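Open the model in your viewer and keep the selection panel at hand.

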Amino acid sequence: MSAKRGRSLSSKIMAAMLVASVPLLINCGKMPGGMPGVPNVPGAPGGCPANIADASAIMSTNFGLEGELEGKVKAALAAGADVQEIAGSVEAEVVTACSNLAKDLGAKDEDLKPKEDGPGKKAEAACNVATKLVGEFKAKAKGKLVVDVKPPKCEASMDATMDCAAKCDAKVKPGEAKVSCEGGEVSGECGAKCEGKCTVEASANCEGSCSGECKGDCSADISGKCDGDCAGKCDGKDSKGKCAGTCDGKCKGKVEAQCNGTCKGSCTASCEMKAAGECKGTCSGKCSVEMKAPKCSGEVKPPEMSAECKAHCNASVNGKAECKPATVFVKVEGRSGCRGFAEAEGCHHQEPARLLKISMGMKGKLESVVGAVKVAGEGAKAAVTSGGAAALKVGGCFAASLDAQAKATVSINVSVKASASASGSATTG
């Protein structure tokens, strides 16, 4: 009995030593997908049988562990892979938006290159340049900069959360478990009476907020075509009557312009209006029957399952939410037309809107995802360490995964901060 207990204790001590020593082996080879790591030899000390950057590959790999531990390991490593993917996507989007904004204001490619390598450094460099140039533009602008912002709306699929839960945790039974939406509203397809808001794409009968060009009546000032009397300026000159050019002001007639108020007519993009019974688009609020393809603008709460599966599903669904873009209306008072940052036509600017998606729409979700994944990864690593032989099989996976997660977390934090700085500069007068 004493000898058996001694062997068990020895195996656990060896397992702990192995997991702790794996980082020392990191430079001995390459992990799949180009991650620095140890040779990809299943079962070898420090090896990993799966690509730690590919969640689907991890979930389909047989790690050779017993029962519940196998599921914990898969879910925790998959969550780590999700964070890596999110980090790459967030940084790429921020780099693109800040680079385009900076180039619109005269920057060249060489101006946008980071001075040092590291997580999030490309986003930081591009956004620093964009912030600087936007500040210079605002300082030189002849007239007050008028800015109006409507925040983005980011939604996560409730069906995708349920599907992920059922695949990750065997205890979750499809059709029996439920998901909920906290801190937001539910939207989806409503085949009956909708109470709330109805959003229709490219609507010919819009009576609400239009994110594109409005053709009809506009309740707010415009900068565009006016088939009627223009009260304001016509091509930069005072006007109280007909305007054959660009009307900057209130149009008493039909417009063809971006409307920063209520549009009554056709809308070239999405039109959000008060629901009045049937909604032929997306219903946000309540539906008299069960909604199809429901999405949550808050946080999707999954059914009861392991912490590792919660982290994986949170990252794969909430961390990759779909966002309705913000609208950023920018105009310089006294200047004809809507020539803003890029000297391009249009009052609504795409790049600041893309940055607001990250800094306003996704910031909270990303913080929640990163925190949950870190806790799940460390918990699963502890379970593996205490499992003796398990550490021999997946110790290398956790060492490489936790290292990659740490870098991904830095990338996300730096990218979000950079996007907030650039979007803040571009969306304040």
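Select α3 (residues 67–104) and α7 (residues 350–385). The two are roughly antiparallel to each other, because their angle is over 145 degrees, the cut-off for that term. They pack at an angle of about 155 degrees, with axes 9 Å apart. Axes are lines fitted to C-alpha atoms, for helices over the stretch in contact; angles run from 0 to 180 degrees between N-to-C directions. Helices here are DSSP runs (H or I, at least four residues), and strands are E runs of at least two, numbered from the N terminus.

This is a predicted model: local features need pLDDT of at least 70, side-chain atom pairs count only at pLDDT 80 or more, and totals for chains, interfaces and linings use all residues. Residues are numbered from 1 along each chain as its sequence is written, and side-chain values use heavy atoms, with hydrogens and water left out.

Stay on this pair. α3 passes α7 in a left-handed crossing (the near helix is turned anticlockwise from the far one by less than a right angle). Colour the contact by class: 20 residues are nonpolar, 4 polar and 5 charged. Nonpolar covers Ala, Val, Leu, Ile, Met, Phe, Trp, Tyr, Cys and Pro; charged covers Asp, Glu, Lys and Arg; the others, Gly among them, are polar.

Gly 106 follows α3, with a positive phi near 105 degrees.

Contact means heavy atoms within 4.5 Å. Select Ala 75, Ala 79 and Ile 86 of α3, then Ala 311 and His 312 of α6; these are among the residues that make the contact.

Move to the strands. Two strands pair if DSSP finds at least two bridges between them. Select Ser 209. It stands opposite Thr 262 in β13, and its bridge partner in β14 is Glu 272. Strand β8 (residues 206–210) pairs with β13 over 4 bridges and with β14 over 2 bridges, antiparallel.

Last stop: Cys 283 in β16. It is the bridge partner of Gly 188, and Cys 198 stands opposite it. β16 pairs in the antiparallel sense with β6 over 2 bridges and with β7 over 6 bridges.

How values were computed: Parallel < 35°, antiparallel > 145°, perpendicular 65-115°, else oblique.
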